[in-house]
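Subject: Structure for your review

Dear colleague,

Please find below the structure that I am handing over to you. My notes on it follow directly after it.

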Amino acid sequence: MLRIAVPNKGSLSEPASQMLREAGYRQRRDSRELVLTDVDNDVEFFFLRPRDIAVYVGSGTVDVGITGRDLLLDSDSKAVEHLALGFARSTFRFAAPAGEYTSIEDADGKRIATSYPVLALNYLRDRGITPAKVVRLDGAVETATRLGVADIIADVVETGTTLRAAGLEIFGEPLLQSEAVLVRAADADDDKLAVLTRRLQGVLTARRYVLMDYDVPTELLDKAAAITPGYESPTVSDLHDAGWKAVRVMIPRDQVNSIMDALYDIGARAILVTQILASRV
């Protein structure tokens, strides 16, 4: 039975469970439930603190888990990233009082406050930079410089509004572009994870693509196919009218309207879009 760790709370929890539901797995209905056995799919779910999941996976206590790339790199565990899951995206940046720093080299010999000390320290060491101290804080990192706890902070940045309100500005390149990931032990048996991996990849495909059907004059088929090349190639069928073809194709969800406009402009008609609920590609 495959043992899967799932975040029990926080911003990763519900999106992770929703993705697993879409992949055909049972999920808990009560947030107090810590273990759930899905007999039909031969898996067992363990609902754990997101920060602990990489540690459990790396030690072999569970086979695989869903956590953030940031939490994986900060765990210093033996777990490795297996599959990016496309949600809970975030960017980690350095910030300091406005006008004081311009490059990451300026962090040499400085005190750095962060909720991700291992991640920050490894990033700096890889670049030959040695901070005076890395201070771990569990929240409100942006106040660390004003309170005299640190000279620089390393934190998640979305719009930067909170940092500016605290008198801070971003400098240097991002430490990390993070998102939710499926993690496994470095020596895990990939065959054991094959079904789970295919199912999650199927969910990702269904979220990124839709099915498009349209009719197009036969002489315009090549132009239409150039607009909609598809995941591999369009499916083309004959219509009763010999002068027309029916086309079915997968297209990126975020390009639906522009593709519909382009097809209509060349003469395609009866353009319809359908959601994909599940897939194997």
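Predicted model: local features only at pLDDT ≥ 70, side-chain atom pairs only at ≥ 80, totals over all residues.

Residues are numbered from 1 along each chain as its sequence is written, and side-chain values use heavy atoms, with hydrogens and water left out.

Aromatic pairs

The structure contains six aromatic pairs. Rings of Phe, Tyr and Trp (its six-membered ring) pair if their centres lie within 6.5 Å; planes under 30 degrees apart count as stacked, over 60 as edge-to-face and the rest as tilted. One of the pairs is formed by Y25 and F45, edge-to-face, with 5.9 Å centre to centre and 80° between the planes. This pair links distant parts of the chain, 20 residues apart: Y25 is in the loop between helix 1 (13-22) and strand 2 (35-38), and F45 is in strand 3 (residues 43-48). Helices (H or I, at least four residues) and strands (E, at least two) are DSSP runs, numbered from the N terminus. Y25 and F45 are both buried, where buried means under 20% relative accessible area, exposed over 50% and partly exposed in between (1.4 Å probe, protein chains only).

Y209 and Y231 also form an edge-to-face pair, at 5.5 Å centre to centre and 75° between the planes. Here, too, distant parts of the chain are linked, 22 residues apart, with Y209 in strand 12 (residues 209-217) and Y231 in the loop between helix 7 (221-227) and strand 13 (235-238). Y209 counts as partly exposed because its relative accessibility is 22%; Y231, at 40%, also counts as partly exposed.

Charges over rings

The charged end of R199 sits over the ring of Y25, 4.7 Å from its centre. A charge sits over a ring if NZ of Lys or CZ of Arg is within 6 Å of the ring centre and within 35 degrees of the ring normal. R28 lies over the face of F47, at 4.2 Å from the ring centre.

Strand 9

Strand 9 (residues 152-157) is largely enclosed by the rest of the structure, because five of its six residues are buried. Strand 6 (residues 90-97) pairs with strand 9 in the antiparallel sense over five bridges; two strands pair if DSSP finds at least two bridges between them. T91 has V157 in strand 9 as its bridge partner. Strand 7 (residues 111-114) runs parallel to strand 9 and is joined to it by three bridges, and A154 in strand 9 is the bridge partner of T114.

Yours sincerely
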